[in-house]
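Here is a short report on one chain. It covers a helix first, then the charged pairs.

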Amino acid sequence: MTTEEYMQIAYNLAQKAADEDEIPVGAIIVNPETGEIIAQAYNQSAHHGDATSHAEILVIQRACEKLKTTRLWNCDMYVTLEPCTMCAAAISFARIKNLYFGASDPKGGAVVSGVRFFDSSTCHHRPLYHSGILADKCSQILKDFFQNKR
C-alpha cells in the first residue's frame with residue numbers, strides 16, 4: 001500500500017469518530033516490512049470519559065497488546081492530525097520508527113508546531129516524521145466537525 005492509502009484508512013477512522021460525535025482523528029500502526037495493519041483507533045475521549053483517549057494513545061496500547069511488547073521499534077504510525085505533546089511523548093516512548101500525519105495543528109500540535117517535542121534535548125527517541133499526507137482532507141473533516149458544533 002502507499003502512504004496515501006494508509007492515511008486514507010486513518011481518515012476513514014476519523015470519519016467514524018465524527019459519526020460518533022468524537023473529535024475526528026484516526027490512527028493506525030503498520031508493520032512496514034509486511035504492510036500489515038497491526039492496530040487501529042480513533043479518538044474516544046468523550047465515549048471513555050477520559051481526556052487521554054486520543055487515537056494515538058489507543059492505537060499504541062492496542063499494538064503493544066497485540067504484539068505483547070512495550071516497544072514498537074520497526075512500526076510506523078499514520079495519524080490524521082499532528083500529535084499533541086502527550087501523544088508525541090507516547091510515540092517516543094513506544095519507539096515508533098516513522099510518524100506520518102495529515103493536518104498540522106498550529107494550536108495543539110507538538111511535532112512541527114508548538115513545543116516541537118521531538119526536537120527537545122530531553123526526547124529519548126525521535127521518530128522520522130512526515131507531514132502533509134492528505135492534509136487538505138484531514139484538515140477539512142476537523143473544520144466541518146467544529147463548524148457543526150457552533
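## Helix α3

Helix α3 has 13 residues, which should span 18 Å at 1.5 Å a residue; its end C-alpha atoms lie 18 Å apart, so the two agree. The expected span is 1.5 Å times one less than the number of residues. Helices (H or I, at least four residues) and strands (E, at least two) are DSSP runs, numbered from the N terminus.

This is a predicted model: local features need pLDDT of at least 70, side-chain atom pairs count only at pLDDT 80 or more, and totals for chains, interfaces and linings use all residues. Residues are numbered from 1 along each chain as its sequence is written, and side-chain values use heavy atoms, with hydrogens and water left out.

## Buried face and helix end

Buried residues of α3 are Ala55, Glu56, Ile57, Leu58, Val59, Ile60, Ala63 and Cys64. Buried means under 20% relative accessible area, exposed over 50%, and partly exposed in between (1.4 Å probe, protein chains only). The buried residues pack against β1, β2, α2 (45-48), β3 (76-81) and α4 (85-94); contact means heavy atoms within 4.5 Å.

Lysine 68 follows α3, and its phi is positive, near 55 degrees.

## Salt bridges

The whole structure holds two salt bridges. Each needs a side-chain nitrogen of Lys or Arg within 4 Å of a carboxyl oxygen of Asp or Glu.

Glutamate 36 pairs with lysine 66 at 3.2 Å, N to O. This pair links distant parts of the chain, 30 residues apart: glutamate 36 sits in the loop between β1 (26-30) and β2 (37-42), lysine 66 in α3 (residues 55-67). Glutamate 36 is partly exposed at 38%. Lysine 66 is partly exposed at 46%.

Arginine 116 pairs with aspartate 119, with the closest N and O atoms 2.9 Å apart. Aspartate 119 is partly exposed at 45%, and arginine 116 is partly exposed at 34%.
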